[in-house]
Amino acid sequence: MARRWFSIFLVLGFLVGDLDGSAGDADQIYKTCVDQCEKTASIGDIFIQQCIFLANDAVVNSTWYMQEPLYLQWKQLNCRSDCRYHCMMQREKEREALGLSPVKYHGKWPFKRIYVFQEPASAALSAFNLMMHFNGWLSFFVLVNYKLPLRPQSRRTYYEYTGLWHIYGFLSMNAWLWSAIFHTRDFELTEKLDYSSAVALLGYSLILSLLRTFDVKDEASRVMFAAPILAFVTTHILYLNFYELDYGWNMKVCIVMGVVQMFVWAIWAGVTRHPNRVKLWIVVFGGALAMLLEIYDFSPYCGYFDAHALWHAATIPLTILWWSFIKSDAEDRTSILIKKSK
Ligand SMILES: [Zn+2]
């Protein structure tokens with residue numbers, strides 16, 4: 001999921017480095033290589049299939065009524081991405097021979113590709129997170145609808161947060177889906193979708209953390225809690241997509257939303273008598289520890305596993321535990337409410 005965010009405690013500055021200005025792509029040899037590659041469709045003896053059409057065609061700079069066909073734009077994107085990749089690999093080989101350590105290119109470490117996958121480890125782990133959320137959500141769905149008793153009159157669940165967790169499940173799966181796609185192919189569109197989905201999830205889970213920990217049950221109060229956050233998050237997403245994808249500002253927003261909900265859950269876990277508060281403790285502390293991976297941003301091991309990929313690995317067990325907490329919360333609340341109604 002959006003890479004820069006969870007660098008939470010490293011209060012701005014150290015790692016923030018803006019996305020298009022990394023050491024690797026500032027290198028003149030690399031720049032020349034990419035330019036040459038896009039023009040000639042080759043680097044040394046590597047032939048870039050995607051650039052061939054562009055090399056023979058001059059539909060660049062077309063006006064609106066002579067829009068480039070979509071496939072051509074797609075090819076152009078892939079041509080650039082392939083050239084950048086091969087130039088980066090070549091440059092890194094040269095640097096390694098000189099005894100230099102890897103540097104970032106366009107905000108990312110030099111990852112080895114596998115087929116179309118630019119960052120295979122992060123993409124696969126994102127897909128795994130998606131599966132874990134689906135699995136967690138499905139077992140929650142089965143639990144509240146089929147295993148636990150329903151209210152006799154309305155046939156609705158006793159648990160008051162059922163609908164809210166369903167939305168949470170949907171937003172989580174959506175965010176991990178776009179994360180997997182973004183780590184597969186990093187284009188402006190996939191990047192925006194990944195960032196937007198992640199912001200939506202983070203904003204929504206903040207609302208949810210407040211509603212659950214403050215035991216907000218009636219609709220009117222829920223709206224009062226949610227409305228300002230929803231309004232802010234919506235505006236923020238529109239700003240990122242249609243005005244400026246400002247990484248620094250986005251990170252600040254995400255840091256605040258992330259840290260606040262973590263504290264909310266941590267404090268609640270400390271004061272509540274909830275029978276499963278241990279799970280909550282582990283998720284909160286595990287989550288904080290996993291964030292250290294984002295701070296200690298090391299270059300990819302074997303060309304595949306960087307700190308960000310490991311962070312995606314760390315969220316897998318936390319996700320399992322988190323859904324397990326949610327389910328036990330549903331069971332706990334249901335049994336309390338049934339006892340009350342007797
Ligand atoms: Zn990611």
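Colleague: Which residues does Ile326 touch, not counting residues up to four places away in sequence?

Modeller: Ile326 touches Phe140 and Trp165. Two residues are in contact if their C-beta atoms, placed from the backbone, lie within 7 Å. Residues are numbered from 1 along each chain as its sequence is written. The model is predicted: local features need pLDDT of at least 70, side-chain atom pairs count only at pLDDT 80 or more, and totals for chains, interfaces and linings use all residues.

Colleague: What makes the largest nonpolar core a core?

Modeller: A nonpolar core is a set of buried Ala, Val, Leu, Ile, Met, Phe, Trp, Tyr and Cys residues joined through C-beta atoms within 7 Å. Buried means that 20 or more other C-beta atoms lie within 10 Å of the residue's own, against 12 or fewer for exposed and in between for partly exposed, with C-beta atoms placed from the backbone. The largest such set here has 44 residues, and Leu202 and Ile326 have the most contacts inside it. Among the elements that give two or more residues to this core are H5 (120-147) and H11 (307-341). H6 gives the largest share, ten residues.

Notes:
Helices (H or I, at least four residues) and strands (E, at least two) are DSSP runs, numbered from the N terminus.
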